[in-house]
Amino acid sequence: MNTPHVVVIMGVAGTGKTTIGPLLAARLDVPYAEGDDFHPQANIDKMSAGTPLGDDDRWPWLDAIGAWAHERAGHGGVVSCSALKRSYRDRLRAAAPGVVFVHLTGDRALIEDRMAQRQGHFMPTALLDSQFATLQPLQPDEAGVAVDVAGSPGEIAERAAAALDVLP
């Protein structure tokens, strides 16, 4: 990449944000931040109980991620964040105007299968439908790329890096 962008790895639960994010950060030689680490405990408790988060739950989480992205502006970084709604991405951009998004996309059955195989994660597969219902894909006026999650993590990270490389 020509400039040190701050990249937000976005998508529904189970697309591999936590797996692909560090791989992409290593390829770009920038730090990685796990978006789940920015959640307050109340959010984790809610999701662990199978209750989807509402917007009021998400604003402080998004603000914390936006603050991290703002601090990394000009230096680069990769952070995972579902960023399912346009309003969430707008909030991140308000804090860090130069962020770009990598939207991890894929077949629902593949994503559900990967979620079912995860161990030790607080997001149950029961919330996948609510994630897809909430998802608003990137729009043409948003800086970012969509990357399919079929294949190995290395292949996905390579596709993401190649797609980012053509962004201005």
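Visitor: Which residue meets E158 in a salt bridge?

Guide: This is a predicted model, so bear in mind that local features need pLDDT of at least 70, side-chain atom pairs count only at pLDDT 80 or more, and totals for chains, interfaces and linings use all residues. Residues are numbered from 1 along each chain as its sequence is written, and side-chain values use heavy atoms, with hydrogens and water left out. A salt bridge here is a side-chain nitrogen of Lys or Arg within 4 Å of a carboxyl oxygen of Asp or Glu. At 2.6 Å from N to O, the partner of E158 is R27.

Visitor: How many residues apart are E158 and R27?

Guide: Helices (H or I, at least four residues) and strands (E, at least two) are DSSP runs, numbered from the N terminus. E158 sits in helix α7 (residues 153–165) and R27 in helix α1 (residues 17–28). That makes it a link between distant parts of the chain, with a separation of 131 residues.

Visitor: Is R27 buried or exposed, or in between?

Guide: Buried means under 20% relative accessible area, exposed over 50%, and partly exposed in between (1.4 Å probe, protein chains only). The relative accessible area of R27 is 48%, so R27 is partly exposed.

Visitor: What does K85 form a salt bridge with?

Guide: K85 is in the loop between β3 (77–80) and α4 (86–95), and its partner is in helix α3 (residues 55–72), 30 residues apart. The closest N and O atoms are 3.3 Å apart, and the partner is D55.

Visitor: Which residues are linked with R89 and E142 in a network of salt bridges?

Guide: By the salt-bridge rule, the count comes to twelve. As for the network that holds R89 and E142, the other members are R86, D90, R93 and D141.

Visitor: What kind of aromatic pair do W59 and Y88 make?

Guide: Rings of Phe, Tyr and Trp (its six-membered ring) pair if their centres lie within 6.5 Å; planes under 30 degrees apart count as stacked, over 60 as edge-to-face and the rest as tilted. The count comes to one aromatic pair. The W59 and Y88 ring centres are 5.7 Å apart with planes at 85°, so the pair is edge-to-face.
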